[in-house]
Amino acid sequence: MSTTTNTVVLFKEDPGRGWVEEKHMEVTKQDFNADAVELKEGEVLLKIKYLSLDPYMRGRMQTKAKSYSAPFEIGKPLQAGGIGEVYRVGKGTTLKTGDLVLGFVEWAQWFVAAEKGLKKLEIFDGVPISYNLGVLGMPGITAYGGLMKIGEPKEGETVYVSGAAGAVGLLVGQLARLRGCRVVGSAGTDDKVKVLLEEAGYDAAFNYKTVKSLDAAFKEHCPKGIDIYFDNVGGEMLDVALTHMNVHSRIPVCGAISQYNASEQYGVKNLMQTVIKRIKIQGFLSTDLYGDQELVKNFTKDVVALVKEGKIVYKEHIVEGIENAPSAFVGLLKGANTGKQIIKVA
Ligand SMILES: NC(=O)c1ccc[n+]([C@@H]2O[C@H](COP(=O)([O-])OP(=O)(O)OC[C@H]3O[C@@H](n4cnc5c(N)ncnc54)[C@H](OP(=O)(O)O)[C@@H]3O)[C@@H](O)[C@H]2O)c1
């Protein structure tokens, strides 16, 4: 089999501080022959099957801002975590044609990768391979590590999760519930709230866009205060949540998606609460969590078993076709997804 084109999505324009639009990305078709492309020693040619779209990519589109990962380059392909099938191998590789691997790839149909950066996938019966980009992958360890290591949940505590119907939040709530906590979540549509209550086992949930006020929502849904606030959104939500935190409560700061497209950053006013209530607030990155061997071992053991036994409900928002990746990314930032945003490439 050979192919004559490779559809590749390029980073076209820095969106600055406002909303990302499809025009900031460009879908191109490049000449390509899978049977003839040159492979150097240690390289393999991947036929991309799935791509993961994640909110951190918004930060990589700000070419002038300093962040924890390098910005995308204008005119170059966008990059993402992905799953590919090995189509051809270069000299000195141990992977074989047909192997399924996880790695850092481009928003493309085909990608030449160095074998050393790839991980061969373990296949579990009844578990979709795309889960390796979600509950069993980066969002999964983010949820697990942030909750267990920083949140330190104890039986009977109230855990509040914002962005609760997303890739990370869906898992956080379920893990906390399995630890015997009372779990409360918020999301941006009534359908998402329904998923939290009826499928993901949240004890209470609210639509943050339609409640009378965030303060009233916390009074109603967290009457005993909050012991752990797993913060996915930052901004006003964090500010108001601070006023409902209990003494010696913890806030694992996972992200601040409400601020990623905001032209002006929200100024949090209630930080004095951290002193009054002795609150621990700690940011963290999945890349650091991957460096904690013990945590990775426990995550793999615990979460794989929970998923295999059906004790964790996980959702994916799968968009088909690499050419639809730009609109899916715009949608992700506006709340179009329930669960993990995936692009099915092939
Ligand atoms: N620290 C780390 O290493 C790490 C790793 C992974 C993710 N994260 C962070 O974790 C958070 C969740 O990531 P994810 O992968 O699970 O994404 P996700 O929840 O699957 O997708 C993003 C969701 O954010 C919500 N959202 C968008 N604008 C919002 C706003 N103004 N206020 C409140 N919610 C808003 C939308 O849902 P609604 O319909 O509910 O608005 C949207 O569906 C993000 O902040 C991300 O940057 C951090």
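How many Å separate the centres of domain 1 and domain 2, taken over C-alpha atoms? The answer is 29 Å. This is a predicted model, where local features need pLDDT of at least 70 and side-chain atom pairs pLDDT 80 or more, while totals for chains, interfaces and linings use all residues. Residues are numbered from 1 along each chain as its sequence is written, and side-chain values use heavy atoms, with hydrogens and water left out.

View 1. Domain 1 takes in 5-134 + 315-344, and domain 2 takes in 138-288 (bounds from an automatic or database domain assignment). The contact (heavy atoms within 4.5 Å) draws 20 residues from domain 1 and 19 residues from domain 2. Together they bury about 1,500 Å², 57% of it on carbon and sulfur atoms (accessible area, 1.4 Å probe, lost on being put together and summed over both parts). On the domain 1 side, Arg17, Lys315 and Thr338 supply 33% of the buried area, more than any other three residues.

**View 2. A salt bridge between the domains.** The count here is one salt bridge (a side-chain nitrogen of Lys or Arg within 4 Å of a carboxyl oxygen of Asp or Glu). Zoom in on Glu199 and Lys315, whose side chains form a salt bridge at 3.0 Å, N to O.

View 3. Strand 4 (residues 79-89) runs antiparallel to strand 3 (residues 43-52), with seven bridges joining them (strands are DSSP E runs of at least two residues, numbered from the N terminus; pairing takes at least two DSSP bridges). Look for Leu46 with its bridge partner Val86 in strand 4. Seven bridges also join strand 4 to strand 5 (residues 100-106), again antiparallel, and Glu85 sits opposite Leu100 in strand 5.

Definitions and conventions
Helix = DSSP H or I, 4+ residues; strand = E, 2+ residues; numbered from the N terminus. Buried area = accessible area lost by both parts, 1.4 Å probe.
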